[in-house]
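Q: Could you take me through this structure feature by feature, giving the general idea before the particular case?

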Amino acid sequence: MTTINDVAKAAGVSTATVSRVINQSPNVMPDTIAKVEAVMQQMGYQVKGNRRLTINQGHDTLGLIVSRFNSPFYGLLTQGVEKIARKHQRKVIVASGDYDATCEEEAIQFMLNKGCRNIVIHSKAMSDDALIRHAEQLPGFIVVNRHVPAIASQCVWLDNSEGTYKATQHLIELGHTRIAYLSCEMEVDDKFDRFDGYRRALEEAGIDVNPDWIEEVPFGEPGGALAATNLLNKGLPVTAMVAFNDFYAAAAMQVFKEHGVAIPEQLSIVGFDDVLPQCYFSPKLTTIRSPIESMAINAARLSLEGTDSPLSRIFHPLLIKRDSAMAPQPA
């Protein structure tokens, strides 16, 4: 029979700490509670008498932490997680990390304090070390849309570099050599990976990266409008543009059209994500499809069914050809 001493040794804590976890003492860190409870489950430790583990309070929930609520991208992410939660008869608890490390950590602690031990997190602000710490203590902790090599089995991610490589390569194949890149100011992994794909495609084609054609602007639709304005102020020295996401592309297209720039006759544009309805665009947007709902489904399954599953962790983007890109026209 497993004893409290066995649990303490396996969890790397004192017997007093295990006792405090069993008796729901408020003087134990949530991460320690999660670790001790996980060991108790694995070892089959039985709690005697009227005492109960906090893990029993959240066994019917699945936690989801998204970066923002006001985006179709996160709506699709939530939809994917909710589909799996329903199949497992779980209720989804949702919190926002707001692209802030402190907010993301607080959201995790909120889930843990509710007894939720299965968490899918879309984290763009926390450090790799912080995510590794949580993943090591919580087998059901899954990071979606980000690759942390040390915990790859608990991550589901998109090859972002491949996406912008395909977008840029498509424009090059159409005959464009003067290609702008619309990036974001926010220091997130997507930013660096997507720029890498743009750079690689240009370099492989023997085209120099021109820093003056790269616009780093605030996150969100206003950033797209600002980037378009900046390029117009420079005399629009390019014939094509790759946008960090579809929101940027939509806002930029509106500004260009307001200033008489015909798309795609004068400027070809390729977006990224493919989450906005095409009624937002005229002409319809050529873009890179990010299968975020499928990624969310796999993340939720890994959280609830275990990371030994052969489910795909890495997803590959697709180029969706529509009407916003064509060969450059003769001057």
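A: The side chains of Asp128 and Arg146 meet in a salt bridge, with N and O 2.8 Å apart, a salt bridge being a side-chain nitrogen of Lys or Arg within 4 Å of a carboxyl oxygen of Asp or Glu. This pair links distant parts of the chain, since Asp128 lies in helix 6 and Arg146 in the loop between strand 4 and strand 5, 18 residues apart. Helices (H or I, at least four residues) and strands (E, at least two) are DSSP runs, numbered from the N terminus. The model is a predicted one, in which local features need pLDDT of at least 70 and side-chain atom pairs count only at pLDDT 80 or more, whereas totals for chains, interfaces and linings use all residues. Residues are numbered from 1 along each chain as its sequence is written, and side-chain values use heavy atoms, with hydrogens and water left out.

Q: Are Asp128 and Arg146 buried or exposed?
A: Buried means under 20% relative accessible area, exposed over 50%, and partly exposed in between (1.4 Å probe, protein chains only). Asp128 counts as partly exposed because its relative accessibility is 34%, while Arg146, with a relative accessible area of 8%, is buried.

Q: Which residue forms a salt bridge with Lys166?
A: Side chains of opposite charge can pair when their charged atoms come close. Here the partner is Glu162, and the closest N and O atoms of Lys166 and Glu162 are 3.2 Å apart. Because they are 4 residues apart in helix 7 (residues 160–174), Lys166 and Glu162 are separated by about one helical turn. Elsewhere, salt bridges that share partners join Lys124, Asp189, Asp190, Arg194 and Asp273 into one network.

Q: How many bridges join strand 3 to strand 4?
A: Two strands pair if DSSP finds at least two bridges between them. Strand 3 (residues 119–121) and strand 4 run parallel and are joined by 3 bridges, with Val143 in strand 4 as the bridge partner of Ile121. Strand 4 also pairs in the parallel sense with strand 5 (residues 155–158), over 2 bridges, and there Val143 stands opposite Cys155.

Q: Which way do the side chains of strand 4 (residues 141–144) point?
A: Phe141 and Val143 point one way and Ile142 and Val144 the other way, and all are buried.

Q: What is the mean pLDDT of the chain?
A: pLDDT is the predictor's confidence in each residue, from 0 to 100. The mean for the chain is 91, and 95% of its residues reach 70 or more.
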